[in-house]
Amino acid sequence: SNLTVKETLMCAAIACCPPEFSEHERNVAIMTLVELLFSSDVNLLHRKVYDLTLVEQRILCLAAECLRSPQFIFINDPLAGLNIEHQMYYLRKLRLLAHKGYAIILCMKEGVCMATLQFIDVIYVLSRGQCAFSGK
């Protein structure tokens, strides 16, 4: 996409925020998410989406999804294609969202390392469609 991060989030805000939101309220929502998820990297707002790293692209998608104020955020195989450093970074961002009240549900098919478990509150392990384990 030739859009910048800010333009992408503004399009998402227009599409997802309640219609009665003013432009100012949409900007506040965007900046709140940018501060939370991108550690206040204001320069990032002006970067083109195609220049973002894979983990930054995933966080941008997450920010766009958060503009909808969903009850649950379901993410399928969130760590696929990320190296361990980026996996930990992404999981820390998900943890921040969880602390802000978002219910994050991850579907992780394989390759879960022990380090990722520190970010998970409750785990369900399915085998052949049946719950094989659940717990904290």
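Glu56 is buried, with a relative accessible area of 16%. Buried means under 20% relative accessible area, exposed means over 50%, and partly exposed lies in between, using a 1.4 Å probe and protein chains only. Now, this is a predicted model: local features need pLDDT of at least 70, side-chain atom pairs count only at pLDDT 80 or more, and totals for chains, interfaces and linings use all residues. Residues are numbered from 1 along each chain as its sequence is written, and side-chain values use heavy atoms, with hydrogens and water left out.

Back to Glu56. Which residue forms a salt bridge with Glu56? Arg47 does, and the closest N and O atoms are 3.0 Å apart. A salt bridge here is a side-chain nitrogen of Lys or Arg within 4 Å of a carboxyl oxygen of Asp or Glu. Arg47 is partly exposed, at 28% relative accessible area.

How many salt bridges does this rule give? The count is three. Next comes Glu65 with Arg68, at 2.2 Å from N to O. Glu65 is partly exposed at 28%, and Arg68 is partly exposed at 45%.

Then take Arg95 and Asp121. Their side chains meet in a salt bridge, 3.0 Å from N to O. This pair links distant parts of the chain, 26 residues apart: Arg95 sits in helix H4, Asp121 in the loop between S2 and strand S3 (123-127). A quick word on those labels: helices (H or I, at least four residues) and strands (E, at least two) are DSSP runs, numbered from the N terminus. Is Arg95 buried or exposed? Arg95 is buried, because its relative accessible area is 17%. Asp121 is partly exposed, at 47%.

Let's stay with H4. It covers residues 84-99, so 16 residues, and at 1.5 Å a residue it should span 22 Å. The expected span is 1.5 Å times one less than the number of residues. The end C-alpha atoms are 22 Å apart, which agrees.

Look at the start of H4. A side-chain oxygen of Asn83 comes within 3.1 Å of the backbone nitrogen of Glu85. After H4 comes Gly101, with a positive phi near 105°.

Which residues of H4 are buried? They are Gln87, Met88, Tyr90, Leu91, Lys93, Leu94, Arg95 and Leu97. An α-helix has 3.6 residues a turn, so residues three or four places apart point the same way. What covers the buried residues of H4 includes helix H2 (23-37), helix H3 (54-66), strand S1 (72-76) and S2.

On to H3. Ala64 is in this helix. Leaving aside neighbours within four places in sequence, Ala64 is in contact with Leu9 and Ala12. Contact means heavy atoms within 4.5 Å. Ala64 and Arg128 are 64 residues apart in sequence, and 33 Å apart in space, C-alpha to C-alpha.

Now Thr4. It is in the segment before helix H1 (5-16). Thr4 counts as buried, because its relative accessibility is 12%. Not counting residues up to four places away in sequence, Thr4 touches Leu45, His46, Arg47, Lys48 and Val49.

Last, the surface. Phe72, Phe74 and Ile105 form a nonpolar patch, with about 320 Å² of accessible area together. Patch residues have over 30% relative accessible area and no salt bridge; like charges are joined within 9 Å, and nonpolar side chains (Val, Leu, Ile, Met, Phe, Trp, Tyr) within 5 Å. The areas come from the Shrake-Rupley method with a 1.4 Å probe; for residues, only the protein chains shown count as cover. Ile105 lies in strand S2 (residues 103-107). Ile105 is partly exposed, at 36%.

Technical notes:
A polar contact is a pair of N or O atoms within 3.5 Å; within protein, one must be able to donate a hydrogen and the other to accept it, and residues adjacent in sequence count only if both atoms are side-chain atoms.
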